[in-house]
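Reader: I would like a close look at one part of this protein. Please keep it brisk.

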Amino acid sequence: MLSAKTKNLGIIGYPIGHTLSPIMQEAALEAAGLDYSYIALLVPPGRLVPALEGLRALYFRGWNVTIPHKSTIIQFLDAIDPDAKLIGAVNTVVNDGGAITGYNTDVIGFLMSLAAANFNLKGRRAVMLGAGGAARAVTWALCKRRAASITIGVRNPSKAMALANDFKEFASIDVYDWNSEEFKAQLGEADILINATPLGMSPKVDEMPPIELERLWEGALVYDLVYSPSKTKLLLKAEELGHPIINGEAMLAYQGAESFRLFTGVETDAQIMLNAVRQALASE
Ligand code: NAP
């Protein structure tokens, strides 16, 4: 129950109606018996600065950050975690007495989801589709765990080159047009294929990246960051071909659990968040 002692947490973004963070965070807060509230706050692009002033003025302990503020917010922070700085995106802010620090918990979320599936990235060849914000976090995760190589397939290689340049000192990274023969050849070498595009996400469930999954070797893991639907067209096809698959639910839950730890100082079981996400998606 809310009281005068309740501490405030939230998420800022625009739009914000789709977010599952309040459901996940509230489930973990309740399980831990912590006196916090967590609310979704609609913050349009031009309102970020006054929103941050308001959050500070109202003693919010912390907040998650989603589209379109993940990069823009960096210039207004007092400090930034090195991972978030390198990725260029912040999804979690912690307020320590008015000094705000930004973090990116997607890296841990991605790595924990692979650990839970007993998949070790070290020395593995990764092929990733897409080069947006999530792809940057995934790339840094792949670099940190010393993947042997990172091949990025996109519709627009010149845009993706910026990502490759930012991380090239940490790993062997190449960018290809995903329709090119060179890319198709790389696909045959992959130990893990990661979809970091929104193709296949609800409501456009009939879409999928233009990938010949038949080129993958049978043991390659197919990982889709999308979590709604729980099996995208890409994952359904991969499963049909006998590949192990992972969807974006676990990453979502683990990144939420890490945000929770940063906000409260308390570890939570990501399974609590995962159950809350599954229940919410099933009732949609
Ligand atoms: P983003 O920054 O907008 O990047 C999207 C990437 O996909 C870009 O490379 C973009 O290419 C490409 N793309 C978008 N629409 C496309 C289309 N119709 N055809 C071909 N390529 C297309 O998005 P993001 O934040 O990285 O998110 C990507 C996906 O990951 C979303 O579905 C998001 O929900 C999911 N995600 C999941 C988690 C999780 O915890 N599971 C976390 C973060 C994100 P261009 O640059 O050419 O537009």
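Which residue in β9 is the bridge partner of I152?

Author: The model here is a predicted one. In it, I152 has V175 of β9 as its bridge partner. Now widen the view to the two strands. β8 covers residues 149-154, and β9 covers residues 173-177. They run parallel, and five bridges join them. How does the chain get from β8 to β9? It passes through helix α6, residues 157-167. This β-α-β crossover is right-handed.

Next, turn to the ligand.

Look at individual atoms next. R155 uses its side chain: a polar atom there lies 2.9 Å from an oxygen atom of the ligand. A131 uses its backbone instead: a polar atom there is 2.8 Å from a ligand oxygen. The backbone of G132 also takes part, with a polar atom 3.5 Å from an oxygen atom of the ligand. How much of the ligand does the protein bury? Taken alone, the ligand exposes 920 Å², and the protein buries 74% of that.

Definitions and conventions: Residues numbered from 1 in each chain as written. Predicted model: local features only at pLDDT ≥ 70, side-chain atom pairs only at ≥ 80, totals over all residues. Heavy atoms only, no water. Polar contact = N/O pair within 3.5 Å; in protein donor to acceptor, adjacent residues only side chain to side chain. Areas by Shrake-Rupley, 256 points an atom, 1.4 Å probe, with all protein chains shown as cover. Pairing = 2+ DSSP bridges. Helix = DSSP H or I, 4+ residues; strand = E, 2+ residues; numbered from the N terminus. Right-handed = clockwise from strand over helix to strand, strands pointing away.
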